[in-house]
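Hi,

Here is the structure I promised to pass on.

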Amino acid sequence: MKLTWFKKGTIYQIYPRSFNDSNNDGIGDLRGIIEKLDYIQSLHVDIIWLSPIFSSPNDDNGYDISDYCAIMPEFGSMDDFDELLKGIHDRGMKLILDLVANHCSDEHKWFEEARKSKDNPFRDYFHWHKPAKDGGPPNNWMSFFGGSAWELDENTGEYYLHLFTKKQPDLNWENPKVREEIYDAMRFWLNKGVDGFRMDVIPLISKPIGYPNAPNVGFRKIIEQVYANGPTVHKYLKEMTEKVISKYDAFSLAEGVGINEDNAGLYVNTDRKELDMLYHFDILECTIVNGKFEEVSPFDLVQMKRIFKKWRDAIHNSGWIANAMGNHDFARMVSRFGNDKEFHVESAKMLITMLSTQNGTLNIYQGDEIGMTNISLETINEVKDVQSLNFYNENLENQKFSKEVALEMINKEGRDNARTPVQWNDEINGGFSIKEPWLRVNPNSDKINVQYQDKDENSILNFYRNLLKIRKQYDVFVFGDFEEIEFDNQNLYIYKKSLAKKSIIVALNFTELNQEISSLTMTEEYKVLVNNYNDIATKEDKVILKPYQGLILDVG
Ligand code: GLC
Ligand code: CA
């Protein structure tokens, strides 16, 4: 039987470029992670997900791979990797790598060959198409990062498909040789002992037959209807699991782009033997209407409850998901969903209280355990993220927004917010590196850093540690049946969870004001498991939550 150690585990995502720089060249690296393994273990996390560490020209920071079985020299050597893996296993943790298999780099030898001529043996590793009658791209598909998803290759006179940047050509999964190449790369790492993969944009690997034009329904819907969930995706995922993953004690975590609650089961229901779990985008994008840098909707608590509920209903007892409120692709969790000023500490703690009691594997992102916040970059020259830069440059052409507004939008939503170096101490560059880092350190590193929080028993860091430890002892956090209380309440999120004979009540205040909970009377039998304040106020035994207060009560 397939082991399910990953269900109760907490995943800690590391973005290596920004984690810790061991040799002071301004770029985080594998030895930098090795130096911090005791720290990572101290968080009580179980699984480390490393964003890509493979050879890459870094057009999209490693999500454009030029050799699937080599370490990016900036990050270190294969010996460093082996030492890292051993260090992780010695501490009882697991390691998953980021498999970017929908596309590779245009500097991968497959693409360098493929573009040489139409009859090159590697030509069919990619999606080529002759120009439209007017010489333009074959269809209206747009790249996720702006502009057409097709690029003309002058040499052979045909277009190739790239759903991301033009330096990330999409691989043609219909070609069995491509699939075998990817499976071989997976085996290479699994044979070294890695414990699985996070699968980058995996729902995109199968393209609709004939590359039909996308309807005019907004980018999110186009992803669901056209780019993702293609006709052969499940066939290939089954094949991948059967031929590769199932041969190891390993698991797969899908980036659920374009997946909704109706088709999620096709990917992660246990009996289908495809993927082990996915993280969806509904929470991560709950304030993003169509796509980044477009319309933004205000945060709506009831909508968020609805999202959690619909996914619970869709997945419960049949498949599995991971829950995340932030990663390297979104602005910082506390800045988006909490209050990163007046109630920074309280709201950071409240948010993780909520996330850690949702059904599913908990997925946290580096730096969130100290409440790292968004950064305000002052000029466009400081922006490093290719998605933000493409938006900015496109905007220069179509002048939809002024330059100032465009930069403001990047500062609000851009991916660099999550990619600033981890703030280790109050020294130069937050202790990340002595040399100027590849991306500016947040100036608040003099206040928000690991060193201070480690010593402070009331810090966000020590709150995470305590919470994650308790979570391991209470299966009800992860697997419990869910009962909503005051579902339509716009200020409070309250729920009871039960499993076997154990029940907990979670009560969370999402506002900056005190909130009385009419439906919750404190009794002496209730044991306070988690509280982000020192006390619980009551009025005639009714609980009053302070701003951003969050509680977990063991109610028997
Ligand atoms: C995923 C990654 C993102 C990357 C994209 C293309 O969404 O998380 O960082 O840019 O895929 O690989
Ligand atoms: Ca370095």
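**The calcium site**

D21 and I27 are both buried, where buried means under 20% relative accessible area, exposed over 50% and partly exposed in between, with a 1.4 Å probe and protein chains only. Before you go further: this is a predicted model, in which local features need pLDDT of at least 70, side-chain atom pairs count only at pLDDT 80 or more, and totals for chains, interfaces and linings use all residues. As for bookkeeping, residues are numbered from 1 along each chain as its sequence is written, chains are lettered from A and ligands numbered from 1 in the order in which they are written, and side-chain values use heavy atoms, with hydrogens and water left out.

Back to those two residues. D21 (OD) and I27 (O) coordinate the calcium ion (ligand 2), along with N23 (OD1), D25 (OD) and D29 (OD), at 2.2 to 2.3 Å. Donors here are N, O and S atoms within 2.8 Å of the metal (3.2 Å for Na, K and Ca); water is not among the atoms, so the site may look incomplete. Along the chain, the donors are spaced D-x1-N-x1-D-x1-I-x1-D.

**Ligand 1**

Ligand 1 has 14 residues around it, and the closest are D60, D200, E255, H328 and D329; the cut-off is a heavy atom within 4 Å.

Which strands make up the open sheet, and in what order? There are 8, with parallel pairing, in the order β11-β10-β9-β5-β2-β1-β13-β12. At the edges are β11 (277-279) and β12 (322-323), each pairing on one side only. Strands are DSSP runs (E, at least two residues), as are helices (H or I, at least four), numbered from the N terminus, and a pair needs at least two bridges. β1 (residues 10-14) and β13 (residues 361-365) run parallel, joined by 4 bridges, with Y12 opposite I364 in β13.

**One more residue**

Q41 is in helix α3 (residues 37-42) and counts as partly exposed because its relative accessibility is 33%. Leaving out residues up to four places away in sequence, Q41 touches R91 and M93, with contact meaning heavy atoms within 4.5 Å.

Cheers
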